[in-house]
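Work through the exercises below with the model open.

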Amino acid sequence: MDSLGDGNHTAVTEFILLGLTHDPVLRVFLFIIILCIYLVTVSGNLCTILLIRVSTQLHHPILSSLVHHPMYFFLSHLAFTDIIFSSSVTPNMLTNFLVEQNTISYHGCAFQLGTTAVFGAAECFLLAVMAYDRFMAICNPLLYSIKMSTQVCVQLIMVAYAGGLLNGCAFAICFYLLSFCGSNRINHFFCDFAPLIELSCSDVSVLTAVASISAGSLILFTVLVIVFSYLYILLTILKMRSTEGRHKAFSTCTSHLTAVTLYYGTVTFIYVLPKSMYSTDQNKVISVFYMVVIPMLNPLIYSLRNKDIKEALKRQLGRKIFS
């Protein structure tokens, strides 16, 4: 391994990612499957962003024909976040399937860890913002256009990215404070914090606490926002006398609830449950699901379960066919 002398220790300058498996047949199979998933992820989320941008049907009905409806404005940023989140890991994972030994530089590892922390946290904040948006739309419909103005929407997006950036900085700083003087073989397909902690030869108690507080606090905060938003939404729906009104109100939340359940279910498994409850291989499988599969599922969830998205897509396709 490449290293630099540092007193009585050897400082690691690169890491070896062990990946998902060493079975050559399984590596080829996984390469094809994950490549297809990644192509669908990028194309699906890009299509979502472009559809929201060009379709006037998804613009705000009151403010301006040039202003996106808040729900779709947030959805476009969720799609952007999914592209970057998946792209921070998947290309490197695909490379791992093709080479005998996949290495990543010391600073490259820090960048990958920081990027996944930034956009993973940003996704949590965006899902919370979208829950708040549904709360305002269903519980305060008369004030919705005022409470969710363009300025407010932009501020909420800035908070989401700022929260992600703070989380990313916390993890990146913790990484640079770790000392590596032994093995440089990471038992994962990307630079995750847990396997890096296992490689460190320094006292990691404080750094582990800092990383846990950073990730735990943002998960707790965003979960509380989502839970309280949907509690008020549920109470409001139950008070509605019209069955049709109840169905319409609930149908606007199903896509978001599905996305929240999938994302937070896997994140909770990895970052909240004690490490003793699952093996490293189980951690890898769950990580693949929430970093590779979920970014692909989000555009499918919102397009298949959202009437406005489906109608806007049909209209745009119709224009292309008959133009």
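**Exercise 1.** At what angle do helix 1 and helix 2 pack, and how far apart are their axes?

The structure is a predicted model, in which local features need pLDDT of at least 70, side-chain atom pairs count only at pLDDT 80 or more, and totals for chains, interfaces and linings use all residues. Residues are numbered from 1 along each chain as its sequence is written, and side-chain values use heavy atoms, with hydrogens and water left out.

Step 1. Helix 1 (residues 24-54) and helix 2 (residues 70-87) pack at about 155°, with axes 9 Å apart.

Step 2. That angle makes helix 1 roughly antiparallel to helix 2 (over 145 degrees counts as roughly antiparallel).

Step 3. Residues in the contact (heavy atoms within 4.5 Å) include Tyr38 and Ile52 of helix 1 and Tyr72 and Phe80 of helix 2.

Step 4. By class, this contact of helix 1 with helix 2 has 10 nonpolar, six polar and one charged residues.

**Exercise 2.** Classify the ring pair of Phe171 and Phe193 and locate both residues.

Step 1. The whole structure has 17 aromatic pairs (ring centres within 6.5 Å; planes under 30 degrees apart are stacked, over 60 edge-to-face, the rest tilted).

Step 2. The rings of Phe171 and Phe193 have centres 5.4 Å apart and planes at 85°, so the pair is edge-to-face.

Step 3. Phe171 lies in helix 6 (residues 150-177) and Phe193 in helix 7 (residues 193-199), so the pair ties together parts 22 residues apart in sequence.

Step 4. Phe171 is buried at 7% relative accessibility (buried means under 20% relative accessible area), and Phe193 is buried at 8%.

Methods
Axes are lines fitted to C-alpha atoms, for helices over the stretch in contact, and angles run from 0 to 180 degrees between N-to-C directions. Helices (H or I, at least four residues) and strands (E, at least two) are DSSP runs, numbered from the N terminus. Angles under 35 degrees count as roughly parallel, over 145 as roughly antiparallel, 65 to 115 as roughly perpendicular and the rest as oblique. Ala, Val, Leu, Ile, Met, Phe, Trp, Tyr, Cys and Pro count as nonpolar, Asp, Glu, Lys and Arg as charged, and the others, Gly among them, as polar. Rings of Phe, Tyr and Trp (its six-membered ring) pair if their centres lie within 6.5 Å; planes under 30 degrees apart count as stacked, over 60 as edge-to-face and the rest as tilted. Buried means under 20% relative accessible area, exposed over 50%, partly exposed in between (1.4 Å probe, protein chains only).
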